[in-house]
Amino acid sequence: MRILHTMLRVGNLEKSLDFYCNVLDMKLLRQKDYPTGKFTLAFVGYGDEADNTVIELTHNWDTDSYDIGSGYGHIALGVDDIYQTIDRIKSLGGRVTREPGPMKHGTTVIAFVEDPDGYKIELIQTKE
């Protein structure tokens, strides 16, 4: 067994695709409208679904926003240069909620950004 995807409900699919594809450099892997159900599914990620875990963005056509809830934590992405990555995200209009620095009670360098719906994305420095 393996994890296939994480699903997030999004209020504006175009804004979300712009964030995940242009700001976080993911690729739109596939997208399909379901007119009878009034929703669209879009799958984004860094590689083919056969070999990589991806994110499913679900857009219900009649819903503009969602309450994230207190149970959601974050999605984590490994990056080679966290400072350069944060600078790039800022230059593209991304919202940084925690600047890069060591995690509390540790030495791993992390940062946090938010997608257009307010979902937290943790960036973790993978190379020293």
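A salt bridge here is a side-chain nitrogen of Lys or Arg within 4 Å of a carboxyl oxygen of Asp or Glu. By that criterion, the side chains of Glu114 and Lys120 meet in a salt bridge, at 2.4 Å from N to O.

The model is predicted: local features need pLDDT of at least 70, side-chain atom pairs count only at pLDDT 80 or more, and totals for chains, interfaces and linings use all residues. Residues are numbered from 1 along each chain as its sequence is written, and side-chain values use heavy atoms, with hydrogens and water left out.

**Salt bridges**

The structure holds five salt bridges.

| Pair | Closest N and O atoms |
|---|---|
| Glu99 and Lys90 | 2.9 Å |
| Glu114 and Arg95 | 2.3 Å |

Glu114 is buried, at 14%. Lys120 is partly exposed, at 29%. Salt bridges that share partners join Arg95, Glu114 and Lys120 into one network. In the other listed pair, Glu99 is partly exposed at 42% relative accessibility, and Lys90 is partly exposed at 39%.

**The sheet**

Helices (H or I, at least four residues) and strands (E, at least two) are DSSP runs, numbered from the N terminus. Two strands pair if DSSP finds at least two bridges between them. An open sheet of four strands has the order β1-β4-β3-β2, with mixed pairing. β1 (5-9) and β2 (27-34) stand at the edges with a single partner strand each, so one side of each lacks a neighbour in the sheet.

Seven bridges join β2 to β3, and the two strands run antiparallel. Asp33 has Thr40 of β3 as its bridge partner. β2 and β3 form a hairpin with four residues between them. Lys38, in the turn, has a positive phi of about 55°.

β3 and β4 also run antiparallel, joined by six bridges. Leu41 stands opposite Thr58 in β4. Val44 is bridged to Ile55 in β4. β3 is mostly covered, with six of its seven residues buried.

**The core**

A nonpolar core is a set of buried Ala, Val, Leu, Ile, Met, Phe, Trp, Tyr and Cys residues joined through side-chain atoms within 4.5 Å. The largest one has 26 residues. Those with the most contacts inside it are Tyr20, Val44, Ile55, Leu57, Ile121 and Leu123. Elements that each supply at least two residues of this core include α1 (13-23), β3 (39-45), β4 (54-60) and α2 (82-91). The largest share, six residues, comes from α1.

What does Ile55 touch, leaving aside its neighbours within four places in sequence? Ile55 is in contact with Thr6, Leu8, Tyr20, Met26, Ala42, Phe43, Val44 and Ile75. Contact means heavy atoms within 4.5 Å.

**Helix α1**

The buried residues of α1 are Leu13, Ser16, Leu17, Phe19, Tyr20, Cys21 and Val23. An α-helix has 3.6 residues a turn, so residues three or four places apart point the same way. At the start of α1, a side-chain oxygen of Asn12 reaches to within 3.1 Å of the backbone nitrogen of Glu14. Asp25 follows α1 and has a positive phi, near 65°.

Note on methods
Buried < 20%, exposed > 50% of the residue type's maximum accessible area, 1.4 Å probe, protein only. Polar contact = N/O pair within 3.5 Å; in protein donor to acceptor, adjacent residues only side chain to side chain.
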